[in-house]
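Here is a friendly walk through one protein model, written for someone who likes to know which side chain sits beside which. Please keep the sequence and the 3D view open as you read.

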Amino acid sequence: MHLNINSLQNKLEELKILIENFKAQVIFLSETKIDSSYPSEQFMLNGYTIYRKDRVKGGGGLMAYFSSNIPSKKLKLPRKFSTFEALAVQSKFGRHEVIVLGLYRPPKASGNNYYLRLENDLNDIITWASLQKQFLVITGDLNMDKLKPEEKEGKILCDI
């Protein structure tokens with residue numbers, strides 16, 4: 001399950017209800033908008049392991065919950081990506097070892113050669129993850145519209 005939560009601090013009870021109703025084993029949240037001043041214990045859910053990738057308070061951020069019944073561990077990314085945030089977790093679904101990759105890209109493009117850097121960053125992280133394990137699950141919010149392949153962002157997403 002993926003959810004752009006747009007600030008986790010005041011939505012934990014609603015998140016618990018969603019997880020209970022959907023019986024989700026893996027939950028990725030984008031735009032948590034929390035930083036290291038918020039202890040992980042504040043967001044713990046019974047029966048889940050929590051993984052975080054904070055940015056700064058008020059923007060971005062990723063969090064993942066994995067059922068305690070599923071083996072999982074956070075992976076160190078090969079490098080820092082300038083165009084999006086990423087959180088990678090290795091897990092096992094049945095007999096298959098899997099990399100679950102959560103991504104968040106802010107909607108505004110910034111800097112020189114932004115779209116070239118974005119395409120290169122996406123290619124790099126997907127190549128890295130696919131070399132780690134045979135199975136790869138990508139989730140998140142890239143703020144890109146695949147239904148508009150004539151636009152730069154849509155073309156990048158379709159090509160990938």
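## Starting from Ala86

Leaving out residues up to four places away in sequence, Ala86 touches Lys53, Leu62, Leu77, Gly102, Leu103 and Ile125, where contact means heavy atoms within 4.5 Å. Ala86 belongs to strand 6; helices (H or I, at least four residues) and strands (E, at least two) are DSSP runs, numbered from the N terminus. With a relative accessible area of 3%, Ala86 is buried. Here buried means under 20% relative accessible area, exposed means over 50%, and partly exposed is in between (1.4 Å probe, protein chains only). The C-alpha atoms of Ala86 and Asp54 are separated by 10.0 Å, and the two residues are 32 residues apart along the chain.

A word on the ground rules: this is a predicted model, in which local features need pLDDT of at least 70 and side-chain atom pairs count only at pLDDT 80 or more, while totals for chains, interfaces and linings use all residues. Residues are numbered from 1 along each chain as its sequence is written, and side-chain values use heavy atoms, with hydrogens and water left out.

## Two nonpolar cores

A nonpolar core here is a set of buried Ala, Val, Leu, Ile, Met, Phe, Trp, Tyr and Cys residues joined through side-chain atoms within 4.5 Å. The largest one has 18 residues, and those touching the most other members are Leu77, Phe84, Leu103, Leu118, Leu122, Ile125 and Trp128. At least two residues of this core come from each of strand 6 (85–93), strand 7 (96–104) and helix 2 (114–132). Helix 2 gives the largest share, six residues.

Ile125 is in contact with Leu77, Phe81, Phe84, Ala86, Leu101 and Leu103, leaving aside its neighbours within four places in sequence. Apart from this core lies another, of 16 residues, including Ile19, Ala24, Ile34 and Tyr48. As background, nonpolar side chains tend to be buried together in soluble globular proteins.

How many residues of strand 4 (residues 62–67) are buried? Six of its six residues are, so to speak, under cover by the definition of buried as under 20% relative accessible area. Leu62, Ala64 and Phe66 point one way from the strand, and Met63, Tyr65 and Ser67 point the other way.

Two strands pair if DSSP finds at least two bridges between them. Strand 2 (residues 26–30) pairs with strand 4 in the antiparallel sense over five bridges, and Leu29 has Met63 as its bridge partner in strand 4. Strand 3 (residues 48–53) also runs antiparallel to strand 4, joined to it by six bridges; there, Ile50 has Tyr65 as its bridge partner.

## The loop between strand 2 and strand 3

Phe43 lies in the loop between strand 2 and strand 3 and is buried, at a relative accessible area of 1%. Not counting residues up to four places away in sequence, Phe43 touches Leu8, Gln9, Leu12, Ile34, Tyr38, Ile50, Arg52, Met63 and Tyr65. Among these, Met63 and Tyr65 are residues of strand 4 that point the same way.

Asp35 is also in the loop between strand 2 and strand 3. What does its side chain meet? A polar contact of 2.5 Å joins the side chains of Asp35 and Ser37; such a contact is a pair of N or O atoms within 3.5 Å, and within protein one must be able to donate a hydrogen and the other to accept it, with residues adjacent in sequence counting only if both atoms are side-chain atoms. Asp35 is buried yet has no salt bridge, and Arg52, the nearest side chain of opposite charge, is 6.0 Å away. For charge, Lys and Arg count as positive and Asp and Glu as negative, while His and the chain ends are not counted.

## Salt bridges

A salt bridge is a side-chain nitrogen of Lys or Arg within 4 Å of a carboxyl oxygen of Asp or Glu, and the count by this rule is nine. In one of them, Arg52 meets Asp54 (2.6 Å, N to O). Arg52 is buried, with a relative accessible area of 12%, whereas Asp54 is partly exposed at 23%.

Asp121 and Arg79 form another, their closest N and O atoms being 2.7 Å apart. Asp121 lies in helix 2 and Arg79 in the loop between strand 5 (72–74) and strand 6, so this pair ties together parts that are 42 residues apart in sequence. Arg79, Asp121 and Asp124 are linked in a network of salt bridges.
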